Amino acid sequence: LPVIGQIENPLFLGLSIPSYLLRALERVRPSDLEQTLILLPLDMAIELLQYCVEWLKMRVGRDLPIKTAVFVLKLHHNYFTSKGGMDGHATLLEALWAEVEAYNSREKDILGFNLSAMKFLKDQAKAETITF
């Protein structure tokens, strides 16, 4: 897995491989994403999971890395649950799990903060309409 930002290629519009790949995935219509990922062979799908971990660490791509990872894991479930698949990629799956948990924790914090703000605004609006 190349280091993010290490390799820049004119064919990749001057972007690193992970940045170009993320840009390409973002341009795929959501309705076509699954059909696109089905075409990936297993070794490329595993490499894509590694990029998903990197994207989650860098906090880029919003929820696209998670959607991609979940679909790839569902698609290749039999491989990852077999002894050979689990032995070879346990660290990748653990890293992916840790990053997804961190992402979910951040999103819950943001949602909780926004919910508290909405309740505060609701109380303020209610207080203003009651007083004359």
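**Entry 1. Overall make-up.** I began with burial: 26% of the 132 residues in the protein chain are buried. I note that this is a predicted model. I then looked up the secondary structure and found six helices and zero strands. Along the sequence, the pattern reads α-α-α-α-α-α. I also checked contacts between residues at least 6 apart in sequence. Of these, 60% join residues at least 24 apart.

**Entry 2. The core.** Which residues have the most contacts inside the largest nonpolar core? I found Leu25, Leu37, Leu49, Trp55 and Leu96, in a core of 24 residues. At least two residues each come from α1 (17-27), α2 (30-38), α3, α4 (64-75) and α6 (83-130). The largest share is that of α3, with nine residues. I set a general remark beside this: in soluble globular proteins, nonpolar side chains tend to be buried together.

**Entry 3. Trp55.** I left aside neighbours within four places in sequence. Trp55 then touches Pro18, Leu21, Leu22, Leu25, Leu48, Val60 and Pro65. Trp55 is buried, and Tyr51 is buried too.

**Entry 4. α1 against α3.** Several of those partners sent me to the helix pair. I recall that two packed helices are described by the angle between their axes and the distance between the axes. For α1 and α3, the angle is about 95 degrees and the axes are 11 Å apart. The range for roughly perpendicular is 65 to 115 degrees, and α1 and α3 are therefore roughly perpendicular to each other. I listed the residues that make the contact. From α1 they are Ile17, Pro18, Leu21, Leu22 and Leu25; from α3 they are Leu48, Tyr51 and Trp55.

**Entry 5. Aromatic pairs.** How many aromatic pairs does a search of the whole structure find? It finds two. I took Tyr51 and Trp55 to begin with. Why is the pair of Tyr51 and Trp55 called stacked? Their ring centres are 6.2 Å apart and their planes meet at 25 degrees, and planes under 30 degrees apart count as stacked. Tyr51 and Trp55 sit four residues apart in helix α3 (residues 42-58), so about one helical turn separates them.

I turned to Tyr79 and Phe80. Their ring centres lie 5.4 Å apart with planes at 75 degrees, so this pair is edge-to-face. Is Phe80 buried or exposed? Phe80 is buried, with a relative accessible area of 5%. Tyr79 has 29% relative accessibility and counts as partly exposed.

**Entry 6. Leu42 and His76.** I followed Tyr79 to a partner. Leaving out residues up to four places away in sequence, Leu42 touches His76 and Tyr79. Leu42 is in helix α3. At a relative accessible area of 27%, Leu42 is partly exposed.

Where does His76 lie? I found His76 in the loop between α4 and α5 (77-81). His76 counts as buried, because its relative accessibility is 16% and the cut-off for buried is under 20%. With residues up to four places away left out, its contacts are Leu40, Leu42 and Ala45.

Notes: Residues are numbered from 1 along each chain as its sequence is written. This is a predicted model: local features need pLDDT of at least 70, side-chain atom pairs count only at pLDDT 80 or more; totals for chains, interfaces and linings use all residues. Side-chain values use heavy atoms; hydrogens and water are left out. Rings of Phe, Tyr and Trp (its six-membered ring) pair if their centres lie within 6.5 Å; planes under 30 degrees apart count as stacked, over 60 as edge-to-face and the rest as tilted. Buried means under 20% relative accessible area, exposed over 50%, partly exposed in between (1.4 Å probe, protein chains only). A nonpolar core is a set of buried Ala, Val, Leu, Ile, Met, Phe, Trp, Tyr and Cys residues joined through side-chain atoms within 4.5 Å. Contact means heavy atoms within 4.5 Å. Axes are lines fitted to C-alpha atoms, for helices over the stretch in contact, and angles run from 0 to 180 degrees between N-to-C directions. Angles under 35 degrees count as roughly parallel, over 145 as roughly antiparallel, 65 to 115 as roughly perpendicular and the rest as oblique.
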